[in-house]
Amino acid sequence: MTPTLAVPPTYAPIPSAVHPAHAAIDAGTAAWADTFKIGQPEWRSRLAAQEIGVFAARILPKGEEEVVSLLSDFILWLFGVDDGYCENGHLSDKPGELAATLLRLLRIAQNPESPMLTEDPLAEGLRDLTLRVSRCGTSLQAGRWVDTLREYFFAVVWEAENRAANRIPELNDYTLMRLYDGATSVVQPFLEMGHGFELQSHERDSKAVRAAAEMTSFITTWDNDIYSHHKESRGTGYYLNIIRVLEHEYALSPDKALTKAIAQRDRVMCLFLSLRAKLDDEGSPQVRQYLRGLSSFIRATQDWSISSLRYTTPDDPAALPSSFTDRPTDDSTDPLDIPSIAWWWDLVPVSRTAPLGQLHVPPGPGRYTPGPA
C-alpha cells in the first residue's frame, strides 16, 4: 500500500470567508440531488456529508444566494459526472464512448429541449442547471459557461485516453490538461453571475485576465491533487495526480514529489498576487471584482479540502494539516520549467515580481479557522 504522506500547512495569504446561508445551501443541494436522482442513493448520501454547499458558499461568500445554490448544485453534478463517468465509471477508460456521451450532454447544455438521454439523471439535472444559468446570467455568461463545459469535456476525454493506455503523461501535458479537467474553468462564470456584473469580452479575453484565471486553475488543481492524493492512491485503479506525475518525471520519492508540488503552487500563488496587484491598479471595477472572486475560489478550495470528508477519509485518515502558513516555500520570480504556462511570468513587470518580502501582500490569517458548520 502507498505510504500516507503527511501534508504540511500550505501557504494561504487570502482571507477565509463563507456565505451566511451555507447550511441552507448545503441542505438544498442534497435535496436537489435526490430530486434528480444524481448517482446511486449510497453515493448521494455519502456526498451529502461532504459539504458541497459549504464549498460553494466559500467560493461566493458575498454572492447572490440563488447563484450560490445554483453553483452548489452544479458542483455536485460535476462530481456525478466525474465519479459516474470519468474516473470510476464504466466509461473511464473508453475515451471514444465517453466523448460520445459528453457530446450529448453538451448538446443538452446548448439546447435543453433536445430529446437526448431522456432516461439519464445527469442529463435531466443538466437541463435544470442550464435553465437556471440562463435565468441567473446574461446570454454572454451562459454562452461562456457552455464553452467551459466543452473545455472540461475535451480534457476528461484526454484523461480517459491516458487511463486506457495506463500512461502517466509528461509534466507539461499534465499541466495543460489540469487547467481544464479539474472543472475549475467551468466555475469561473459564476464569479460574475454571483455578483451581478459582466466582464466585457476584451477584458475576459485579455492575456492578463486569462492568465489570472489560469493561475487560479493551476493553484486549485495542485491543491486538489495534494489533498486528494491519499484518497486516490488508496484506490485499486489507475489515477492521475501531480505527485505521481512528478515522481515519474523526475524519479522522485513520494515525499520529495509532494515537496516539489507544494513549491510549484506556492511560486504560482506569489505570481498571482503580483498580477492581482497590477490589475487592481489598472483594471476596471468589474475586473477588480473578478480578481476578488478568483481569490475566494483559491481560498475556498484550501478550506474545504482540509475539512471535507471527501479528502479527510475518516475510515482511513489522511494526514492533512489543520492549519495554513503565511509564508510560501518558494517565492522565486523565475518561471516554472513548464512551457505551457511559462508565459504567465511575462505579464508582470520585474518590480511586481520581487521576492515576497518586498511586496505589499494583504495580510491573511496564518491559522485555519473553520467556519460555522
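**Figure 1. Overall fold of the protein chain.** The protein chain contains 15 helices and zero strands (DSSP runs numbered from the N terminus, H or I of at least four residues for helices and E of at least two for strands). Its radius of gyration, taken over C-alpha atoms, is 20 Å, close to the 21 Å given by the globule rule for 373 residues, so the chain is as compact as a globular protein of that length; the rule is 2.2 Å times the number of residues to the power 0.38. This is a predicted model, in which local features need pLDDT of at least 70 and side-chain atom pairs count only at pLDDT 80 or more, while totals for chains, interfaces and linings use all residues. Residues are numbered from 1 along each chain as its sequence is written, and side-chain values use heavy atoms, with hydrogens and water left out. The C-alpha trace spans about 60 × 50 × 40 Å along its principal axes. Of the 373 residues, 56% are buried (under 20% relative accessible area; exposed is over 50% and partly exposed in between, with a 1.4 Å probe and protein chains only). Among contacts with a separation of 6 or more, 76% join residues 24 or more positions apart (contact means heavy atoms within 4.5 Å).

**Figure 2. Helix 8 and its packing partners.** Helix 8 covers residues 171-181, and its buried residues are Leu-171, Tyr-174, Thr-175, Met-177, Arg-178, Leu-179 and Asp-181. These buried residues pack against helix 7 (139-164), helix 11 (207-233), helix 12 (242-250) and helix 13 (254-282). Just after helix 8, Ala-183 adopts a positive phi of about 55°.

**Figure 3. Surroundings of Arg-178.** Arg-178 belongs to helix 8 and is buried, with a relative accessible area of 8%. Leaving aside residues up to four places away in sequence, Arg-178 touches Thr-221, Trp-222, Asn-224 and Asp-225.

**Figure 4. Asp-330 and its polar contacts.** Asp-330 is located in the segment after helix 15 (309-312). A relative accessible area of 14% places Asp-330 among the buried residues. The side chain of Asp-330 forms a polar contact with the side chain of Arg-267 at 3.0 Å (a pair of N or O atoms within 3.5 Å; within protein, one must be able to donate a hydrogen and the other to accept it, and residues adjacent in sequence count only if both atoms are side-chain atoms). The Asp-330 side chain also reaches the backbone nitrogen of Ser-332 at 2.8 Å. With residues up to four places away in sequence not counted, Asp-330 touches Ala-263, Asp-266, Arg-267 and Cys-270.

**Figure 5. The loop between helix 5 and helix 6.** Pro-115 is exposed, with a relative accessible area of 73%. The C-alpha atoms of Pro-115 and Arg-104 are 10.0 Å apart, and the two residues are eleven apart in sequence. Leu-117 occupies the loop as well and counts as partly exposed at 23% relative accessibility. Its phi is near 50°, a positive value in a residue other than glycine.

**Figure 6. Backbone of Thr-313.** Thr-313 is found in the segment after helix 15. Although it is not a glycine, Thr-313 has a positive phi of about 40°. Most residues other than glycine have a negative phi. Thr-313 is buried, with a relative accessible area of 17%.
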